[in-house]
Amino acid sequence: MAVRRVVPNIQSGAAQESREFYGLLGFEEVMNHGWIMTLASPSSPAAQINVMTSDKTAPVAPDMSIEVDDVDAAYAVMRASGAEIIHPLQDEEWGVRRFFVRDPSGRVVNVLSHR
């Protein structure tokens, strides 16, 4: 299993203001589903920040997202380790397969693969 990218998720009710603020640092909007917006660096597209109001299908908003090449393998590893699964493995309508897991410091991690 390989990690493709790690993205911080900022929960906020100020999406427009966040887009403008991070735009000052060179980030541009590359995705916007209304409840989550992704900002990326044009010169380094894997450098990203998510700004979200809440999660569309999960009970909590995750603190970070980690994209892996095999989310099913990641899910199996986390379950076998006894880690707390917050949101079960499932396919989402916006094209990802994902689950949420709590890390040892209490942070909620969205682990995903694009379908």
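Strand S3, which covers residues 36-40, is largely enclosed by the rest of the structure, because 5 of its 5 residues are buried. Here buried means a relative accessible area under 20%, exposed means over 50%, and partly exposed is what falls in between, with a 1.4 Å probe and the protein chains only. Strands and helices are DSSP runs, numbered from the N terminus, a strand (E) having at least two residues and a helix (H or I) at least four. The model is predicted, so that local features need a pLDDT of at least 70 and side-chain atom pairs count only at pLDDT 80 or more, while totals for chains, interfaces and linings use all residues. Residues are numbered from 1 along each chain as its sequence is written, and side-chain values use heavy atoms, with hydrogens and water left out.

Within S3, Ile-36, Thr-38 and Ala-40 point one way, whereas Met-37 and Leu-39 point the other way, and all of them are buried. Two strands are said to pair if DSSP finds at least two bridges between them. On one side of this pairing pattern, strand S2 (residues 28-32) runs antiparallel to S3 and is joined to it by 4 bridges, with Met-31 standing opposite Thr-38. The hairpin of S2 and S3 has 3 residues between the strands, and in it Gly-34 takes a positive phi near 90 degrees. S3 is also joined to S4 by 5 bridges, again in an antiparallel arrangement, and there Ala-40 stands opposite Gln-48.

Ser-18 is buried, with a relative accessible area of 11%. If its neighbours within four places in sequence are left aside, Ser-18 is in contact (heavy atoms within 4.5 Å) with Ser-12, Leu-39 and Val-51.

Charged side chains form another set of links. A salt bridge is counted when a side-chain nitrogen of Lys or Arg is within 4 Å of a carboxyl oxygen of Asp or Glu, and by this rule there are 11 salt bridges. In one of them the side chains of Arg-4 and Glu-67 meet, at 3.9 Å from N to O. Since Arg-4 lies in strand S1 (residues 3-11) and Glu-67 in strand S5 (residues 64-68), the pair ties together parts that are 63 residues apart in sequence. Arg-4 is exposed, with a relative accessible area of 51%, whereas Glu-67 counts as buried at 9%.

Another salt bridge brings together Asp-63 and Arg-107, at 3.8 Å from N to O. Asp-63 lies in the loop between strand S4 (48-52) and S5, and Arg-107 in the loop between strand S7 (96-102) and strand S8 (108-114), so this pair ties together parts that are 44 residues apart in sequence. Asp-63 is partly exposed, with a relative accessible area of 29%, and Arg-107 is partly exposed as well, at 46%. Arg-98 and Glu-92 also form a salt bridge, their closest N and O atoms being 3.0 Å apart, and both residues are buried. Asp-72, Asp-91, Arg-97 and Arg-115 are linked in a network of salt bridges.

The last topic is the pockets. On a 1 Å grid over the protein atoms alone, a pocket is an open set of points, where a 1.4 Å probe fits, with protein on both sides within 12 Å along at least five of seven lines, and its lining residues have an atom within 4 Å of a point. The largest pocket has a volume of about 300 Å³, a volume being the space filled by probe spheres set on the points, which are joined across faces, edges and corners. It is lined by 21 residues, of which Arg-5, Met-31, Ile-36, Asn-50 and Trp-94 are the closest to its centre. S1, S3, S4, S5, S7 and S8 each give two or more residues to this lining.

The second largest pocket holds about 170 Å³ of space. Of the 13 residues that line it, Ile-66, Met-78, Val-101, Val-109 and Val-111 lie nearest its centre, and the elements giving two or more residues to this lining are S5, helix H2 (71-81), S7 and S8.
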